[in-house]
Amino acid sequence: MSKTKEELAPHIDEIKKALKEEVKPHEIETELETFVNTYGISLPEAKRAVIKKFGGDPRVLSPKRTYTVNDLRTGLFRVDIQGRVLTLSKRTYERDGQERVLFSGILADETGKIEFTAWDDYGLEEGKAYRFSNSYTKQWRGRTQLNLGNNTTVTSLSDDALPPVEEIQQDALMNIDRLIQMGGAPGVKVEGFIVGIRNGSGLVFRCPECNRVLQKKSCMIHGNVEGKPDLRIKGIVDDGYGALYLIAGREVTESVLDHDLDQCLKIASERMDPSSIQDMLEERLMSRYVSVSGNVFTDDYGTTMLVNALNHESRDVKDEANEMLEAVEG
Ligand SMILES: [Zn+2]
């Protein structure tokens, strides 16, 4: 595994370029040789270590690569990515007595969507396709976010570089482990089994003042009030990669139940049991394979999707097996 001087020579040049301070080549050579030949550290690792040792930034060595949205995680530098700007909004803020602009929006490619922030006016337009070079990711409010900073360059792409807006706008299917890792994402879809319907699902009554769900006809802030009826689902979906909390409002709940709020109130009063609606939801959802779409965020309780749509999906194991066989047999 030992490397000769000749083998190390080109790397010494590369390291020298990565250093801001002037360091003599033979000093770099001695260090690199020690790391590689004495300590048996792999060459790429050793190069990074030498650069660090001389006060440089080893990140400059990492090869630039083109990412897709689905590849992104917090803490990446030199990110090159192509995407379509789906939404864009502008804010002004003040720093050092100067008014500055900040743009934020959603960037999408075939694999997903991510929020981005641009700390400069790059002339971005909604609906257009771009390549961002040298952008970086960081965490913002629990989610991975793409940032366009001082070193980022933005290139306009031809419109056919990416799928059209209508197509790319659709919620991208994502695995739950990735969503948890990213801390959530706007407009995504997950497919999995409903493994839990939590208490407080079904028919609930909300405080007319603050909209909190009443417990025993009482609001924790406003005491005894005349509650407004509402429907919701609090559930858990598991896709085999992870589990995600779900919260769905009245519209989705009505469609799952195939009953509207008035009908639910009637059923509950006939059975003299408000929890009968939760029972109905359990019957219709527990252990069922579904697709859910919506916005995913992370808070103290975990990673949660605010569900815009919930659909039963057929998942016939026999069909899947056949499909696989067909694929294998070509
Ligand atoms: Zn209240």
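Modeller: Leaving aside neighbours within four places in sequence, Arg131 is in contact with Asp80, Gln82, Thr155 and Leu157, a contact being two residues whose C-beta atoms, placed from the backbone, lie within 7 Å. This is a predicted model, in which local features need pLDDT of at least 70 and side-chain atom pairs count only at pLDDT 80 or more, while totals for chains, interfaces and linings use all residues. Residues are numbered from 1 along each chain as its sequence is written.

Although Arg131 and Asp80 are 51 residues apart in sequence, their C-alpha atoms are 7.1 Å apart in space. Arg131 belongs to strand 5 (residues 129-140); strands (E, at least two residues) and helices (H or I, at least four) are DSSP runs numbered from the N terminus.

The protein has 9 helices and 16 strands. Its radius of gyration is 27 Å, well over the 20 Å that the globule rule gives for 330 residues, so the protein is more spread out than a compact globule; the radius is taken over C-alpha atoms, and the rule is 2.2 Å times the number of residues to the power 0.38. Along the principal axes, the C-alpha atoms fill a box of roughly 90 × 65 × 40 Å, and 27% of the 330 residues count as buried.

The largest nonpolar core holds 49 residues, of which Leu179, Val190, Leu246, Leu281 and Val292 touch the most other members; such a core is a set of buried Ala, Val, Leu, Ile, Met, Phe, Trp, Tyr and Cys residues joined through C-beta atoms within 7 Å. Strand 9 (residues 185-197) gives the most to this core, with 5 residues, and the core draws at least three residues from each of domain 2 and domain 3. Apart from it lies another core, of 10 residues, including Ile12, Ile15, Val36 and Val50. Ile12 and Ile15 are also among the buried residues of helix 1, which pack against helix 2 (25-38) and helix 3 (43-53).

Definitions and conventions. A residue is buried if 20 or more other C-beta atoms lie within 10 Å of its own, exposed if 12 or fewer, and partly exposed in between; C-beta atoms are placed from the backbone. Domain bounds come from an automatic or database domain assignment.
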